[in-house]
Amino acid sequence: MLEIRDLHARIGTTEILNGITLSVNAGEVHAIMGPNGSGKSTLAQVLAGRDTYEVTNGSVLYNGKDLLDMDPEERAREGLFLAFQYPVEIPGVSNTYFLKSALNAIRKHRGLDDLDAVEFLQLVKEKMRLVQLDETLLSRPVNEGFSGGEKKRNEIFHMAVLEPKLAILDETDSGLDIDALRIVADGVNKLRRKDNAVIVVTHYQRLLNYIVPDFVHVMVDGHIAKSGGKELALTLEERGYDWLKEDVEPMSVHA
Amino acid sequence: MKTVKAIHQPGEWYKSRFDAFERSLNGDSKTALHELRREAIGRFQETGFPTNRNEEWKFTNVSPIAQIGFEPVLRYAGEGVTLEQLAPLALPGAHRLVFVNGFFSKPLSSTSALPEGIQCGSLASAVRSSHEGVGKYLGKLVKFDETPFVLLNTAFLLDGAFLFIPDNIVLEEPIQFLFLATGDAPALITPRNLVVIGNRSQATIVESYGFTQSRQYLTNVVTEMYLGEGAVVEHDKLQHESTSAYHVAMMQVNLSGHSTLTSNSIALGGSIARNNITTILDGEGIECTLNGLSLGTGSQLIDNHTTIDHAKPHCESHQLYKAILDGSSRGVFNGKIFVRQDAQKTDAKQTNKTLLLSDDATMDTKPQLEIFADDVKCTHGATIGQLDAEQIFYLRSRGIDESKARDILTFAFASDVVRRVHHEALRDRLEILVHERLSGGRAIGD
């Protein structure tokens, strides 16, 4: 589904991604972990099409197409979804209106008709239950005045409505208490299918207790320093990230 | 279209128009009102139009107005206007006064369902019948020489809207003053409106400006309004003149104790549009809210000047003025707040926000706070910026294309003001107009 080859990206003159290579197949869950500043969120944003980052080398194929050649909206219509680390507040635009515009744009791309008001409301109510989101948040402006937890649940709610093929969750666990974490994780798990894939970007292992990954990758200094199975996350929880950093003598730290 | 006459000495030009007008008056030239007109034209001859050297007109150059020999409209000439032409402007469910080039049209108006005791009609007939409100307030609220435009309006003061609501009347339906500019001559249209709202009475007044064909004309309107004790008034203005025309408005509202004024001013039209609002808070416990939205495109200049004069203690004022400027349009906001020595416990807040949609659009904003009391809360803030890149990306990352994302965000910026209009039919109409303007005709609702 996703083939990232030697991806380099920078912001201004600062190199942030230094050659990422990663394959994600349908049905898989990949976790990307790593210390702050290792480039995890940058990778997520580059995949979603944020133009503040300049891709300087490498390629990304998404279902056989050149992802980097697509506008952000095209990527979304092709089934890519980014749950933001910091969901953006949009004063004056209701959550419903935003979601309906997004859904209908995606449906149009797939050759489907717009949902009518009744069908849309039905769908939305069903999906809200999935993340236990209060219905009053539908008519409120997008994310405005939402609590941290509500913002993150709202992202997963959007994901549930838009039914992406590839979902990238960027630190969706940060700022969530344990109950909210479980609700979010349950929501994500219920959306897992054989034909879709999830990339979970996280700093901590605890989310991975609930969303169990097939693969764990550790990013350090803009590249993947180590990949492994779910047990790698536990090792990281135990040992931290320092032993993976190239510029540190491994033995001197833990001696 | 008739050719536009270029002039060099506006003072002399309008004096000669005034002399011709005076000759046509015969016996009516002896009245007190005509004395006022004569004094006004005399002063205008001295001042002419303001220049950029005048601090009040620093950012707004009215020389294009000064160079055109506009012909003052002196009588009703609305015979050709049909109700169909009014339909896009007329507000459903409202009592309606229609003015064609500033003169009242009885056949186009409908006020029959108004409760007893309310006077609502043409100022000219209120003057003829020597209505008590005219004697007490006409020319008494707005300072005669506030600006040269007030002088020019006063010199040709003939007609306009007159609304007089006695004490203790709550009017549910809005009253619309609908001003239509028509004909192909470069007309000087000088409506004069007088509104008196009695103690504890409530009303919504909608002032709309429209046109039948795009051309150069000057609407130079003065509105005087008096609010009695505990009166509650919403004043909504929709200025939708031709973008070839000029619109200069002066509204002054004198508020008595415990009264509430909410003014929502939406400016879409005009090559140069200048809107002055002055409110005098002359009693305790007054709440004064002034909101504005300017949508500039092409080479339009839209200027809003507000003055809030806190004369007495325990009053609140809130201002939210927003502008969305595209093309090479320009916006001006000047917000004066006076807090007099006596006006302790004043709470005044002023906000001006501008969205620039193009590189060539410009905004000048100037808060002017003069505070003479020591126990007050006064805040002001101004921002000028572009659409937020984070917000655009967020919308796009969910599948919404870039131009629609921009439309959605721009409309949201505007709707912050539009949603403050209480009357639903008017709010709906404003939303459609704003949509149309912002999307250049594309529907962005669906």
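This is a predicted model: local features need pLDDT of at least 70, side-chain atom pairs count only at pLDDT 80 or more; totals for chains, interfaces and linings use all residues.

Residues are numbered from 1 along each chain as its sequence is written, and chains are lettered from A and ligands numbered from 1 in the order in which they are written.

Chain B first. Its secondary structure comes to 10 helices and 21 strands; these are DSSP runs, H or I of at least four residues for helices and E of at least two for strands, numbered from the N terminus. The radius of gyration of chain B is 21 Å, close to the 22 Å from the globule rule for 446 residues, so chain B is as compact as a globular protein of that length. That radius is taken over C-alpha atoms, and the rule is 2.2 Å times the number of residues to the power 0.38. Along the principal axes, the C-alpha trace of chain B spans about 75 × 55 × 50 Å.

Now the sheet in chain A. Here 4 strands form an open sheet in the order 2-1-4-5, with antiparallel pairing; two strands pair if DSSP finds at least two bridges between them. Strand 2 (14–24) and strand 5 (65–66) of chain A are at the edges with a single partner strand each, so one side of each has no neighbour in the sheet. Strand 1 (residues 2–11) of chain A pairs with strand 2 of chain A over 8 bridges, and A:Leu7 has A:Ile20 in strand 2 as its bridge partner.

Next, a helix pair. Helix 3 (residues 95–109) and helix 6 (residues 148–162) of chain A pack at an angle of about 30°, their axes 10 Å apart. Axes are lines fitted to C-alpha atoms, for helices over the stretch in contact, with angles from 0 to 180 degrees between N-to-C directions. Residues making this contact include A:Leu99 and A:Ile106 of helix 3 and A:His158 of helix 6.

Last, the interface. In total, 21 residues of chain A are in contact with 16 residues of chain B, contact being C-beta atoms, placed from the backbone, within 7 Å. Helix 2 (72–77), strand 7 (90–94), helix 3 and helix 6 of chain A each supply at least two residues of the side touching chain B.

That is all; questions, please.

Methods. Two residues are in contact if their C-beta atoms, placed from the backbone, lie within 7 Å.
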